[in-house]
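Please consult the sequence and the structure shown below alongside the text.

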Amino acid sequence: MSELLYRTEDIRLEEVLGLFVESSEDRAALNALKSATPTIIVGSRGVGKSFLLRVAEVELGQELSNRQVFPVYVSFSRSSLLQTADPAQFLNWTLSRLSSRVVRALTQAGYIGGMPRSVSILSGGAPSLHLLGSGEETTRIEEIATAYEESWKSPGGIVDHTGLPTVEAFRDAIEDICSACGFRRMAFLFDEAAHVFLPQQQRDFFTLFRDLRSPHITCNAAVYPGVTAYGDAFQPAHDATFIDVNRDILADDYVQNMREIVERQADSTLLSNIARNGQNFALLAYAASGNPRILLKTVGLTPRMSSSEINEVIREYYRTEIWAEHSTLCEKYPGHRDVIDWGRKFIEEDVLPELKKKNDEYLSSDRNSTCFFWMSRDAPQIVYEALRVLHYTGIVSENSVGIKASRSEIGTRYAVNLGCLFALEPTPTASAFAVAKSLTPKRMTEYGSGHSAYGPLVTSVPAYQETNGAELLRVQMEKPSEVLDITLWQKDKLRELNLLTVGAVLGASETNLKEARYVGDKRARSMRNAAIAAVFEYLSG
Amino acid sequence: MTDCSEYYFTLCSRQREVLDQSLASAAAYTKSHSFIRDLELMIDALENRPEVFLLAQSVREYQHGLFFAATGHYRQAFVSLRMFMELALASVLFSSCEYSLRRWMRGEQDISWAAIIDSENGVLSTNYVKAFFEELSESAPGYRAIARTLYRECSEYLHGNYGTWSAPERLEFSDGDFVGWHEKAGSCLLVTFFCLAVRYLPGFAPTELAAVEGPMIDHLGHIDQVRRVFDVSVRTDSEGTE
């Protein structure tokens, strides 16, 4: 069976459009990303945020002659590696990364030959612009960015950032470039923009996001749900449009849409098995709750699409594996342990059994089913923190805000991951499809402001402390490389090369990777990208 | 007898050894072999239609594929499978345009895979399926994806893509290629029967339906709308109202 790729980083930019299956929500998000209004797309891990940014980048590139909007994609996934003693390290690193990406993007698009002097501001005053296209040389700015990224090796040092532009100089330089190249504006697409568990980085990022705003720059970003520390300058309601990129599981074409995502990569045998067992596939699609990465992973585990395979995967994946990531957060962020543990207990012992009980009752009398619960806006803040973590890992998703429930109380409606709900069925293939097909948001379990389930959390949690990044990073670097979310084949290759810890993978070069059997230039590049993306995603949450 | 002929006799005896090993995997082989009979039943039911000649040729090519796969000529087996699917689906496309069929028979028109698989008017396009068997139109995109993928996979053997050179260099049995061919053969039959069902089932008389019920249900019994066509009570009801 062909290997299904479930990380955007594994996919070459030229192939992105070929694998893109557009839903109406995707198109709306893309239109917003391409517009002049700053847009922030929000979604759990694996829902396709990076993929949408890449599609926006490719489309803007193709439409450059009509729209005159130049796209620049920048990933900030390495932000978790910043460990200098410099309080402005995030701002400096971000500006250096952004500047070098602008110069690289202009070079690749063939604009560098006719560049105005302003480019030298972005490249740290390097006069040797002719070197930029060679791919071998680095600019002063790139050296600064790299120095920050390598600061995890010797935490607490200071990076010399001489030559880095200020935010104002950067904005002016972009304006000059736009007028010289005939661009109406540049669209920045920031990926992995703000570290979920480092509020200071979130504040710094949104301040920069606000400060960069100009007629010649549109900032766009992809963030995880739960990023809420915006700092003083950034006003969420005014300074950006927020778009939730979750797929609507109630849409008529939901299953068809999810099947197309698989069709773009699957071989004919898997496709035939899907056609012969359409309902089993639909069950997997519903279980994934709109998350393509989870769908591709679970489809990879059920090549025959037989009922026994599906039942086994729903039991194993949605009862244990999906929680593994959630529970790993406890190890990485011991300060959040009570909140994280309580969240799991709340869902497993309160929310899911209650929904299951309701569904059994509803379906036996031909009524609609539910996967929704509602929480009063007056529930303790700490309970919302727990839901924020559950949202981040994709166990729950926010369905609607400002919903009135019984006694006219206002609150938020959440949908729980359908796979977790199906896993409670004795034989999911026999009964879970009925649950999926009859869902209505009108039915929901309500958790009022003082629900008894909150008790243990409210009494046990001490005051919050922001995470100590350096110590955290050291612990993570020593973790076995097994913890990374990469394919089994890629894991085998890392073992073969003796890259046994997260730190070793991060420190390995492509040349190291090419020493493995059957790994050439292309595979080494794609493996390193996949491994490193997994390292950063692991580090960022 | 020349040295040259000795060489070919040796090949024949090696081919026989591969055949023995292939036939040892009786289940896969018998199943793929039974598909010939399934297609013949369809040919019998369509005997008065002009395009049936094409369908009959497709079955000949399928048998070549089966023989190649059994005797270790795997690349040729995949190429034959591709040709089988192309001819069988072309018979369906030409059934709805006799003019094209006649031009093809006169050598004035080629079979075009692009036309067969076209997303607007090809035999697996939603429009085409809607025109002949509307209830199956929602399933059409899935089957179109299978056909497109199969054609590409088999074409890799025809064009000698890098990945297809893993087959043994000598004439010998290869479990991976053998299993792979039979899996693809099953998928080809699935797509072919879907197209035949779309094009002909709604127009079949009860006797024709009875003749093809076995293969249709074997290949497409997972589709509710196909089962309903053969549902005796449904059929009797509709006949009663006429």
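Helices are DSSP runs of H or I with at least four residues, numbered from the N terminus. The model discussed here is predicted. Chain A carries a negative surface patch, to which helix 8 (residues 167-181) gives the most, with 4 residues.

**Negative surface patch**

- The patch is formed by A:Glu168, A:Asp172, A:Glu175, A:Asp176 and A:Asp211.
- A:Glu168 lies in helix 8 of chain A.
- A:Glu168 counts as partly exposed because its relative accessibility is 47%, and the partly exposed class lies between the buried limit of 20% and the exposed limit of 50%.

- Helix 3 (residues 49-62) of chain A contains A:Glu57.
- With a relative accessibility of 12%, A:Glu57 counts as buried.
- The side chain of A:Glu57 makes a polar contact of 2.6 Å with the side chain of A:Arg54.

**Positive phi at non-glycine residues**

- A:Asp366 is not a glycine, yet its phi is positive, at about 60°.
- This aspartate, A:Asp366, belongs to the loop between helix 16 (337-364) and strand 6 (372-376) of chain A.
- A relative accessibility of 74% places A:Asp366 among exposed residues.
- A:Arg407, likewise not a glycine, has a positive phi of about 55°.
- The loop between strand 7 (396-404) and strand 8 (410-416) of chain A holds A:Arg407.
- A:Arg407 counts as exposed, as its relative accessibility is 74%.

Technical notes:
Residues numbered from 1 in each chain as written. Chains lettered and ligands numbered in written order. Predicted model: local features only at pLDDT ≥ 70, side-chain atom pairs only at ≥ 80, totals over all residues. Heavy atoms only, no water. Patch = residues over 30% accessible without salt bridge, like charges linked within 9 Å, V, L, I, M, F, W, Y side chains within 5 Å. Areas by Shrake-Rupley, 256 points an atom, 1.4 Å probe, with all protein chains shown as cover. Salt bridge = Lys/Arg side-chain N within 4 Å of Asp/Glu carboxyl O. Lys, Arg positive; Asp, Glu negative; His and termini not counted. Charge placed at Lys NZ, Arg CZ, Asp CG, Glu CD. Helix = DSSP H or I, 4+ residues; strand = E, 2+ residues; numbered from the N terminus. Buried < 20%, exposed > 50% of the residue type's maximum accessible area, 1.4 Å probe, protein only. Polar contact = N/O pair within 3.5 Å; in protein donor to acceptor, adjacent residues only side chain to side chain.
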